[in-house]
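Take it topic by topic and find each residue as you read.

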Amino acid sequence: MPDQAQNSDVARSSSNAVNKKRSAPAEFSIDAAAAIASREAAKRAKTANARTILSQSGEESLSHGMLYISRFVNAREFEVKELTSSMKKSKAIQKQQTFQIVPRTLRRRAASHHVKLLPPRFRARAAEEMRDNPTPPASKTHRRNTRIYLRRATAAKLRVLARSKKAYHYHRKHRMGPIGINKLVVRPIRGLKFKKRQKNKDWLPTHLWHAKRAHMITKWGYAIPNHPNDKCYRPTHRQSQNGSGVVFDTSYFCTMILQGQKNSVIRVLNAITRAKAGGAQYTAEHRAYEGPIFYSTWPKAPMCPGEPEPKAYEDRMLGDAVIYFDVLSPNATEEESNVRRALIRVHPSIFMTVWEMLLDLSSKARLLENDQSLEVQDCRYAIGSIDVFGPKVLRIVGTVLRGFSDLALAKAWTVARRTGNPKQMLHGIVFPMNFFDPRTITVKTRNRQYWNNFDTLNPNVKQDRLLAEMVHSGALKQPSALFTQKGRDAKVEHNTVARRRLKKRRSRSEIKTHERKQFQIVFEDDIPIPSLVIRRKNGALSILLPYQWVSIFYRKMVIEGCTIFGGLEQYHQIMSERMLPYFPNDFPGTAPGLAEAKELADAAEKDWSKRPKSKRFNYASLQLRNGDKRGELGNPFGCDWEYLLKNTSEQTRASTKPAQAPSEEEQGTDENDTAASSTIAEAQVVDDDPWMIPNFAAALKDKGNLSKGDKLAKALFQVKLYLVGKGAPARNARVYSIPQNDRLRWMKLKQNRKIGPDSPEYPRCPTRENLIGFVTSGGFNLIEGKGSGIASFSWDKLEQSVGFAYRYCVVRDVGEKFGRLAFYKPL
């Protein structure tokens with residue numbers, strides 16, 4: 001407005017000057033026009049000086065090359081005021097309500113603006129915003145029907161009364177799960193209401209809790225959560241690396257107990273683990289064995305831990321297992337001291353194979369060793385488990401769960417709690433703890449300040465060293481009631497009884513104060529719940545519990561432990577970020593690994609076939625410009641191990657049956673020859689299955705003992721890949737060895753990262769003769785900050801091409817025309 005007024009005044013004065021020019025003399029009109037022009041030029045100069053930043057030394061605020069701050073600030077006064085006002089306006093416009101700042105994990109699906117539905121820390125602010133709201137909530141338009149209201153209230157009271165009467169008999173429905181001795185257990189049904197939904201699958205203890213919050217899939221005979229409904233990729237990474245942790249219900253892992261005389265039990269376990277599980281560190285120091293198990297028969301001679309392993313790499317690997325020997329009671333008699341029990345925990349995909357193998361070995365042991373007490377117990381529905389990842393797992397578990405044990409074990413558990421991170425503990429360390437009902441205590445984990453304290457017992461000694469000394473001193477050698485039927489039969493009381501007990505304990509101020517100060521506090525009505533807390537190789541903490549208590553402990557850790565839950569995809573993500581193989585996806589040399597690869601390939605091919613023809617990628621027309629024939633190598637939808645391990649003859653290539661459109665050269669082949677070759681391939685598929693080499697370093701040392709027959713031609717070993725430049729390897733990516741002639745060109749990419757695939761200096765991808773393996777798990781690693789993955793290489797292909805000393809290779813994704821330089825390390 002002021003500018004418009006000035007413009008109008010200038011226009012009015014100019015018009016008056018023109019009128020005066022017509023009536024006045026010539027000299028006066030010239031002087032008046034000059035004065036008006038000079039006045040307007042001064043105004044324009046002043047306005048321009050206020051809108052432009054000074055850069056010349058001839059301005060008024062600059063004198064002899066020096067800047068006068070007061071003059072400069074006065075000139076910038078207009079910009080400062082406008083910037084301040086715009087910031088205030090934008091802040092007022094973008095103001096968020098309390099219901100908009102609630103964390104995503106705490107938001108309700110129905111965003112009801114009710115103060116009591118918010119977390120307690122947001123309720124005061126939300127109530128104040130509701131009072132300041134100019135539009136009050138709408139009032140009820142109808143009157144309450146008194147008769148209906150009274151009937152509903154009476155029905156609710158009757159339900160509460162009936163529930164309280166039946167609360168003491170609640171444990172009958174949740175009694176100990178059944179077990180089978182030398183026979184498979186009968187699968188229990190969880191609730192008659194959902195009986196029809198459990199015909200072809202088993203429910204986990206936390207199924208009803210997960211079904212509302214996660215996507216469930218049927219796998220290995222169980223209904224398992226695959227991934228949460230919320231977006232959780234980055235939260236899973238944060239919680240597992242720097243947060244409170246990620247919790248998984250792993251009760252689908254199958255548990256067995258081998259019981260019998262000491263020599264027979266150790267001999268059977270040595271047979272399936274190649275004399276590893278029966279070592280002194282597992283039987284005397286009572287640590288858990290975690291490693292591969294193999295298909296085995298009863299040995300002709302006793303296998304002791306010191307004996308060599310003849311041709312151990314030729315045997316097929318079944319998978320990984322966790323084996324733990326129970327500790328003998330100090331008051332045991334001579335007969336009881338000769339009886340040992342070992343807990344065996346395996347993946348559900350290999351349970352039937354391991355079960356039949358143990359039954360065969362135990363039956364032969366009863367005949368040859370005359371040990372009639374040797375038996376195998378099926379405890380799949382008697383013992384459940386919970387896996388937790390995170391750096392504060394031990395502190396959270398020790399805070400959320402209240403336990404009582406022997407004085408030496410309690411001291412070791414306290415040291416472990418203050419350590420916090422399981423990575424600082426020994427591999428396979430086991431705490432045979434006795435926890436109590438977690439519903440009868442109040443936990444405020446967010447206000448625990450001692451979580452960040454490193455050491456309060458002895459500031460001069462680190463916690464891991466102090467814990468290692470306690471382990472070697474035998475502080476953890478305590479028997480666990482989880483191996484006995486009486487110990488697993490810990491009744492589960494109704495929630496009403498647990499709430500009453502908690503309310504009664506809250507009313508006692510002296511007990512509340514005592515709970516804060518002392519960890520070991522036992523009440524008369526407490527029921528000990530046996531458990532085993534195992535430190536795993538992957539950095540997780542596994543808690544083995546009675547099957548009926550898994551759901552209660554799981555909810556307590558997720559709700560009050562400040563943790564998040566995950567599914568199979570999150571477990572796979574954590575293992576991939578830590579550069580560890582995930583079973584069964586990263587074990588193609590096992591039967592479950594091959595079945596998983598085939599399932600993923602069929603799903604990818606099904607999705608590809610559903611797309612319209614214009615949206616499909618034609619893998620048959622892929623040209624790599626390296627001299628090879630047109631088309632993708634093998635099956636483009638998965639890792640084609642049959643194509644990699646077989647001969648490169650034309651007859652063998654025709655029998656691989658890649659899931660792609662046939663090329664022009666292959667359309668003229670005879671259909672009868674193709675059908676015959678495919679039949680031969682299906683008949684020999686058992687003999688052509690690959691097998692895994694579990695320990696690559698030991699295999700290189702014993703390279704002379706390896707046979708040079710067909711078995712070694714099918715051998716695979718696992719490696720971890722790291723891309724040198726940009727990009728990330730995807731699943732099913734092809735891995736090539738670098739020929740001797742092209743190594744200098746590929747090494748230029750390591751020195752000069754600016755050379756891209758479109759550059760003429762970029763080297764071409766190697767040919768199919770240099771194919772050595774496939775990537776089974778890959779992506780961008782948030783821990784490493786670059787692309788990485790887990791791959792499996794063919795021993796024979798790598799040995800014939802470049803050998804085992806050169807550690808650089810080329811990774812090419814499916815459908816791409818160029819490769820990327822990578823560095824690999826054997827696992």
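In which loop is asparagine 732 found? Asparagine 732 is in the loop between strand 21 (715-723) and strand 22 (734-737). Please keep in mind that this is a predicted model.

**Backbone details**

- As a reminder, most residues other than glycine have a negative phi, and most peptide bonds are trans.
- Asparagine 732 is not a glycine, yet its phi is positive, at about 75°.
- With 8% relative accessibility, asparagine 732 counts as buried, because the cut-off for buried is under 20%.
- Methionine 579 also has a positive phi, near 55°, and is a residue other than glycine.
- You will find methionine 579 in the loop between helix 20 and helix 21, and at 4% relative accessibility it counts as buried.
- Proline 584 has its place in the loop between helix 20 (568-577) and helix 21 (591-610).
- The peptide bond that joins phenylalanine 583 and proline 584 is cis, with omega at about 5°.

**Aromatic rings**

- A pair of aromatic rings is described by the distance of the centres and the angle of the planes.
- Searching the whole structure gives 35 aromatic pairs.
- One of these joins tryptophan 209 and tyrosine 554: the ring centres are 5.6 Å apart and the planes stand at 75°, so the pair is edge-to-face.
- Tryptophan 209 belongs to helix 7 (residues 207-211) and tyrosine 554 to helix 19 (residues 550-560), so this pair ties together parts that are 345 residues apart in sequence.
- Tryptophan 209 and tyrosine 554 are both buried.
- Elsewhere, one aromatic cluster is formed by Phe696, Phe717, Phe793, Trp795, Phe804 and Tyr824.

**Charges over rings**

- Lysine 219 places its charged end over the ring of tryptophan 220, 5.4 Å from the ring's centre.
- Arginine 616 lies over the face of tryptophan 608, and here the distance to the ring centre is 5.3 Å.

**Cysteines**

- A disulfide is a covalent bond between the sulfur atoms of two cysteines.
- How many disulfides does the structure hold? The number is zero.
- Cysteine 254 has a relative accessible area of 1%, so it is buried.
- Cysteine 639 counts as buried too, with 16% relative accessibility.

- Tyr233, Phe780 and Leu782 make up a nonpolar patch on the surface, and together they have about 290 Å² of accessible area.
- Leucine 782 sits in the loop between strand 23 (771-781) and strand 24 (786-794).
- Is leucine 782 buried or partly exposed? Its relative accessible area is 32%, so leucine 782 is partly exposed.
- Arginine 238 is part of helix 8 (residues 233-241), and at 45% relative accessibility it counts as partly exposed.
- Arginine 238 and isoleucine 783 are 545 residues apart along the chain, while their C-alpha atoms are separated by 9.9 Å.

Note on methods. Residues numbered from 1 in each chain as written. Predicted model: local features only at pLDDT ≥ 70, side-chain atom pairs only at ≥ 80, totals over all residues. Heavy atoms only, no water. Patch = residues over 30% accessible without salt bridge, like charges linked within 9 Å, V, L, I, M, F, W, Y side chains within 5 Å. Areas by Shrake-Rupley, 256 points an atom, 1.4 Å probe, with all protein chains shown as cover. Salt bridge = Lys/Arg side-chain N within 4 Å of Asp/Glu carboxyl O. Helix = DSSP H or I, 4+ residues; strand = E, 2+ residues; numbered from the N terminus. Buried < 20%, exposed > 50% of the residue type's maximum accessible area, 1.4 Å probe, protein only. Disulfide = S-S within 2.5 Å. Phe/Tyr/Trp six-rings, centres within 6.5 Å; stacked < 30°, edge-to-face > 60°. Lys NZ or Arg CZ within 6 Å of the ring centre and 35° of its normal.
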